[in-house]
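Here are my notes on the model you sent over.

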Amino acid sequence: MVKLTFYGGINEIGGNKVLLEDGDRKLLIDFGFPYKRHKLFYEEYLKPRSGVGLLDPLAMGLLPPLAGLYRDDLSTPDLWQRFQGDPLYRQLDGVAGVLLSHAHLDHSGYISFLKSDIPVYATATTAFITKSMQDSGKANFDQQVCYFTPTVRECPTGWSQIACLAGGAKQQRQFCIADRKPEELSAEANSFWSCGFWERTPRQKELISLPLATHTSSAFNLRCFPVDHSIPGASAWGIETSAGWVIYSGDLRLHGKRADLTMNFLAEASSLHPRALIMEGTNAGRETNIAEHEVYENGLKAIANSSSLVIADFSPRDVDRLLTFLQIAQDSGRKLVILPRDAYLLKTLRLLEPEIPDIAREDSLAIYQETIASRSPSLWQRNLFKEYSHKVGLAEDVSSAPHRFILCFSFFDLNELPSLCPEPGSLYVYSSSEPHDEEQEIDFRRLHNWLKHFEIRGFGVPVESNGEWQVPESERGLHASGHACGPDLLRMAHEIKPALLIPIHTENPGFYSEHLSDSSICVTLPSVGKPIEI
Ligand SMILES: [Zn+2]
């Protein structure tokens with residue numbers, strides 16, 4: 001009997017966690033950070049306590065109570081007694097791996113909590129991005145996807161005593177690479193600074209790469225299908241079960257620069273005559289898409305007219321967007337100035353994708369060194385600044401010739417503005433999505449305050465009118481979503497033609513039942529922790 005149990009991504013965008021069981025064989029599909037539920041309880045200054053390990057995420061319903069699944073160093077012997085009465089509680093041993101669709105934290109974040117001997121199956125690009133994000137970010141204990149520091153307990157019994165004596169050696173997770181051969185990987189991984197990019201963690205696990213069809217450790221026949229999404233390396237997955245193929249879409253679109261990848265996925269998935277399709281539906285309510293070339297055209301139009309500093313705000317891991325703005329910079333006679341973490345990501349991606357520009361040789365690219373970072377840079381920053389010393393600029397370099405630059409900042413980088421002293425009339429181009437919740441709305445109000453304070457002109461920045469946040473009509477077309485619109489989602493479902501479709505990663509799961517009722521596809525809506533037999 002084949003069962004699918006959903007522990008996240010139900011009536012919410014992200015937090016996907018799916019358990020697939022075929023008799024004794026078990027696999028997880030994504031294990032994401034549940035932003036929506038997390039925000040119900042937590043904010044910047046109120047966070048789960050890392051010092052009590054699994055207790056907070058379990059007690060607040062952020063993690064499913066599945067004993068046997070999580071790192072031993074984060075639990076105490078008495079922890080599970082407390083959750084045994086929970087209707088979702090069960091002992092879950094022998095999970096063969098987690099199939100990771102892409103490196104967005106709402107799909108990958110809670111891999112941090114999984115036992116370290118559960119391997120992560122991913123594309124090489126996804127594996128490298130998870131490491132690059134963790135190296136260059138402030139990874140909290142619940143976002144340590146690629147490696148973690150095991151917690152050393154002071155007293156073996158009391159949960160209150162999981163003091164974070166995080167002095168132990170870092171442990172890296174085992175990543176099984178779906179799309180590269182081991183020789184290719186070691187050459188690439190070892191070419192990054194003095195020791196290998198992947199190996200720069202003590203007690204590292206090697207990258208294993210085997211053709212998935214012959215991958216015995218998972219005991220499943222797997223297929224990894226590259227797809228187009230707003231982060232490189234995204235993939236859909238296929239798992240052969242005793243009930244037929246199960247396909248998982250991950251996040252995907254048909255209107256991006258690599259739409260051909262998604263098209264190939266549709267053809268290949270359809271040829272497997274899948275039993276079930278677990279399908280995202282983020283933008284089910286949208287009728288149309290904006291394409292990346294429109295972002296280029298609209299962005300260039302807005303920026304070409306400006307004779308002062310331009311700030312471009314877009315999602316940091318959206319490399320397609322970064323390249324779009326690089327093109328805009330080149331075509332408007334400016335330099336694109338990126339933050340060190342974006343430079344580090346580009347350098348990482350270039351190990352795998354030679355078409356990613358080489359920062360050292362690309363005249364239109366420069367790196368912005370934050371004012372504070374110049375005082376105490378961390379190791380990855382020191383290496384970066386050393387390698388690209390001729391490309392690094394400070395606030396005063398930008399403010400001495402502001403009309404020559406497009407600065408890639410997001411909301412959380414605005415506190416550099418006092419150092420930059422932007423002249424009145426500078427331009428802030430917003431190229432991302434509208435606010436989705438109250439917290440983001442508050443941030444947008446703050447963004448407007450910053451712009452007003454420095455007399456910066458906003459372009460494409462959503463404004464509030466009658467309780468709705470929208471980009472002014474004449475300033476639209478600056479953001480191509482990572483997700484397919486409703487008609488494209490239906491087209492994909494029809495093309496793959498599964499017997500059963502299970503919606504995930506959407507606030508509108510009813511969309512599929514409504515629009516597929518006259519087709520041969522049966523739609524089943526998941527509910528938390530309730531297995532669906534397929
Ligand atoms: Zn995503």
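1. Let me start with Arg446, which is partly exposed at 43% relative accessibility (the class between buried, under 20% relative accessible area, and exposed, over 50%, using a 1.4 Å probe and protein chains only). The Arg446 side chain meets that of Asp443 in a salt bridge, 3.4 Å from N to O; the term needs a side-chain nitrogen of Lys or Arg within 4 Å of a carboxyl oxygen of Asp or Glu. Both residues sit in helix H13, three residues apart, or about one turn of the helix. Elsewhere, salt bridges with shared partners link Asp228, Arg253, Arg258 and Asp320 into one network.

2. A word on the ground rules. This is a predicted model, where local features need pLDDT of at least 70 and side-chain atom pairs count only at pLDDT 80 or more, while totals for chains, interfaces and linings use all residues. Residues are numbered from 1 along each chain as its sequence is written, and side-chain values use heavy atoms, with hydrogens and water left out. Helices (H or I, at least four residues) and strands (E, at least two) are DSSP runs, numbered from the N terminus.

3. How many salt bridges are there in the whole structure? The search finds 24. Take Arg286 and Glu434, whose side chains meet at 3.9 Å, N to O. Arg286 is in the loop between strand S15 (276–280) and helix H7 (292–304), and Glu434 in the loop between strand S21 (427–430) and H13, so the pair ties together parts 148 residues apart in sequence. Arg286 is partly exposed at 35%, and Glu434 is partly exposed too, at 29%.

4. Arg341 is partly exposed at 25% relative accessibility, whereas Asp342 is buried at 7%.

5. Now the sheet. It is open, with seven strands in the order S19-S18-S17-S20-S16-S21-S22 and parallel pairing; two strands pair if DSSP finds at least two bridges between them. Strands S19 (392–393) and S22 (457–459) stand at the edges with a single partner strand each, so one side of each has no neighbour in the sheet.

6. Within that sheet, S16 (residues 310–313) and S20 (residues 405–408) pair in the parallel sense over three bridges, and Ala312 stands opposite Cys408 in S20. Phe405 belongs to S20 and is buried, with a relative accessible area of 11%. Phe405 and Val310 are 95 residues apart in sequence, yet 6.5 Å apart in space, C-alpha to C-alpha.

7. Strand S17 (residues 335–338) runs parallel to S18, joined by three bridges, and Ile338 has Ile367 of S18 as its bridge partner. In S18 (residues 365–368), Leu365 and Ile367 point one way, Ala366 and Tyr368 the other, and all are buried.

8. Last, back to H13 (residues 438–453), which holds Glu439. At 33% relative accessibility, Glu439 is partly exposed. Glu43, Glu44, Glu438 and Glu439 gather in a surface patch of negative charge. For charges, a patch takes residues with over 30% relative accessible area and no salt bridge, joining like charges within 9 Å; Asp and Glu count as negative, with the charge placed at CG of Asp or CD of Glu.

Note on methods:
Patch = residues over 30% accessible without salt bridge, like charges linked within 9 Å, V, L, I, M, F, W, Y side chains within 5 Å. Areas by Shrake-Rupley, 256 points an atom, 1.4 Å probe, with all protein chains shown as cover.
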